[in-house]
Amino acid sequence: MKKLIAIVLISVSMVVSVGAQQGDWDPEPDVENVRFEPLHIYVDSGDSSLAAYQFELKDSAGLIEIVGVESGEHAAFSEAPYYDSAALANNRIIIAAFNTTDELPTGRTRVATVHLQIKGDAEPDYELELTIAANADGDEIAAEISFEKGEQK
Amino acid sequence: MTENHEHLDGNFDLKVSDKLSADLKGLFEREVAIPAEVDRAILDGAGQRLVRHRRRRLLPWAIPTAAAAVIVFAVVLNTKPEPAKLDEGPSPLAPQRKAASKDVYSYSLAAMVSRGDVDLNGRVDILDAFKLARHIESGNSMNWKWDINGDGVVDRQDVDSVAFSAVSLDKGVL
Amino acid sequence: MESDEQLVQAANEGDAEAFESLYYRYRDWVYRLAFRFTRNREQALDVLQETFAYLLRKLPNLKLTASMTTFLYPVVKHVSITIGRKSRREKPIDEGLAELPSPAPEQAGASRAELAAVMGNLPEDQREIVLMRFVEDMSIDEIAAAIGIPAGTVKSRFYRALQTLRNDRRTRDYFLE
């Protein structure tokens, strides 16, 4: 199956105030100390196969803006997951996906990568909650969710 | 010419003639001619959906029941939900407040399924989409209540509708 | 006359006539906006139907947290984009503008045809905001909420668009020194 990696990025324009011609009025609000960081989300389903997942990610500190969502590493979750587009440019998102085939991951697998814009130097206060993890029969299973930062997936 | 000041951050004045707005409207406001059949199609669909729900309310009245059941339905059907104000939290009709609301329309099985709660566990999540997808793939008989998007067929688009509802930040809305 | 909030509440409670009132109140606005996006009458009618079908599916939990036009604008836009992709037809904006009726005899200053030409040269994001402001009569905050961008960004794009119009000799006369 053709591996489809869907990356939805919203470009954030950061215009530095030009100044003299417009006097004191800045053409666009200054955004200082902005960095971009991918957050890799992992679900560990142990010996059970993972057929469906749903999680919620938010930043209590309000420092992040979600700019994109990338699919997972296993073929079962290689298509873009479901999420509310209203979450983009927001600091809270619910992401979910499922696969009805028999080729499912077990153990620890990266299910999605969330691309973030982070304002300022402080670290965001991530809250990550796994709402649903289910096997091929549609039965909820025990699983753990975690995240890793950085460019390496 | 009349003046129209466009204030940007209060520091900059652009004096724009009203003629600009008038000419832009003349250019971009099309003369609207909606065929009557389009109006009928849209409003008939609304009428069926809304009337159908209204019938669900009325059905209990028509069914002869024991005195206690009649009193319960009378209380239920005469209790109107509080109007949802713009700055309040989730609507009182939201399934999450099932214990508080007495609106029969909200909590009938058909209403739950029509909102994407395929497995009838009181919430819409990705498992509802998963189970609907598996049922469609199995080729088993379909239930019209699974026509989530109301297009007359139960297919992958209904699965997507349920999935998007599951991840909606405005939970409870399909 | 009932407010939009009252009609929405009544529609949430199953009142078909309330939905009908909302439909007729916003039908023309939705169609005009859809036509602006699609440049095609049939597609615009499809967008009209899809938009109100979407509104219907929101019942009985439809909640207005902004004006109706602010709520409907992104719906119409996204449905227009989807329908446009499905039809696999894209009309360049110049072609769409060429369909407009000939402008009235020129008065002193810019003619509508020249205004259309200058508008056609604006970047899409700036043109959209100018039209939302001057044709849809939406406030900066309503535009920001409808598009989903900060108000500061709306102001910036709006300012740049007006600067372009003011600096172009064809549309300079719309501005008062």
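# Reading a predicted model of chains A, B and C

Student: How many other C-beta atoms lie within 10 Å of A:Q117, and how is this residue classed?

Tutor: There are 19 other C-beta atoms within 10 Å of A:Q117, which is why this residue is classed as partly exposed. A residue needs 20 or more such neighbours to count as buried. Please bear in mind from the outset that this is a predicted model.

Student: Where in chain A is A:Q117 found?

Tutor: A:Q117 belongs to strand β6 of chain A, which covers residues 106-119.

Student: Which strands make up the open sheet of chain A, and in what order do they stand?

Tutor: In the present case, the open sheet has four strands in the order β3-β6-β1-β8 of chain A, with antiparallel pairing. At the edges stand β3 (64-70) and β8 (144-149) of chain A; each has a single partner strand, so one side of each is left without a neighbour in the sheet. From one strand to the next, the twist averages 30°.

Student: How many bridges join β1 of chain A to β8(A)?

Tutor: Six bridges join strand β1 (residues 34-49) of chain A to β8(A), and the pairing is antiparallel.

Student: Is strand β2(A) largely enclosed or largely open?

Tutor: Strand β2(A) is largely enclosed by the rest of the structure, because seven of its eight residues are buried. Its pairings can be followed residue by residue. Seven bridges connect β2(A) with β5(A) in the antiparallel sense, and A:Q54 has A:A96 as its bridge partner in β5(A). Another eight bridges connect β2(A) with β7(A), again antiparallel, and here A:Y53 stands opposite A:A133 of β7(A).

Student: How many helices and strands does chain A have, and what part of its residues is buried?

Tutor: Chain A has zero helices and eight strands. Buried residues make up 30% of its 153 residues. Among the contacts of chain A with a separation of 6 or more, 78% join residues 24 or more positions apart.

Student: How many residues do chain A and chain B give to their contact?

Tutor: The size of an interface is often given as the accessible area lost when the parts come together. Here we may count residues instead: 22 come from chain A and 19 from chain B. The elements of chain A that give two or more residues to the side touching chain B are β2 (52-59), β4 (82-83), β5 (92-98) and β7 (126-134). The largest share, five residues, is that of β5(A). By class, this side of chain A has 13 nonpolar, six polar and three charged residues.

Student: Which elements make up chain C?

Tutor: Chain C has nine helices and zero strands, and 44% of its 177 residues are buried. One of these helices, α7 (residues 124-134), is mostly covered, with nine of 11 residues buried. The buried residues of α7(C) include C:I129, C:V130, C:L131 and C:F134. Those buried residues pack against α1 (18-28) of chain B, as well as α2 (16-38), α6 (112-121), α8 (140-147) and α9 (151-167) of chain C.

Student: At what angle do the axes of α7(C) and α9(C) cross?

Tutor: Two packed helices are described by the angle between their axes and the distance between the axes. The axes of α7(C) and α9(C) cross at roughly 95° and come within 9 Å; the two helices are therefore roughly perpendicular to each other. Residues of α7(C) including C:I129, C:V130 and C:R133 take part in this meeting, and those of α9(C) include C:V154, C:F158 and C:A161. By class, the contact has five nonpolar, one polar and five charged residues.

Student: What confidence does the predictor assign to chain C?

Tutor: The mean pLDDT of chain C is 81, and 85% of its residues reach 70 or more. Over residues 89-110 of chain C, however, the pLDDT is below 50; this stretch has 22 contacts in the model beyond near neighbours in sequence. The model as such scores ipTM 0.77 and pTM 0.42.

Methods. Residues numbered from 1 in each chain as written. Chains lettered and ligands numbered in written order. Predicted model: local features only at pLDDT ≥ 70, side-chain atom pairs only at ≥ 80, totals over all residues. Buried ≥ 20, exposed ≤ 12 C-beta atoms within 10 Å, placed from the backbone. Contact = placed C-beta atoms within 7 Å. Nonpolar A, V, L, I, M, F, W, Y, C, P; charged D, E, K, R; others polar. Axes fitted to C-alpha atoms, helices over the stretch in contact; angles between N-to-C directions. Parallel < 35°, antiparallel > 145°, perpendicular 65-115°, else oblique. pLDDT = per-residue confidence, 0-100. Pairing = 2+ DSSP bridges.
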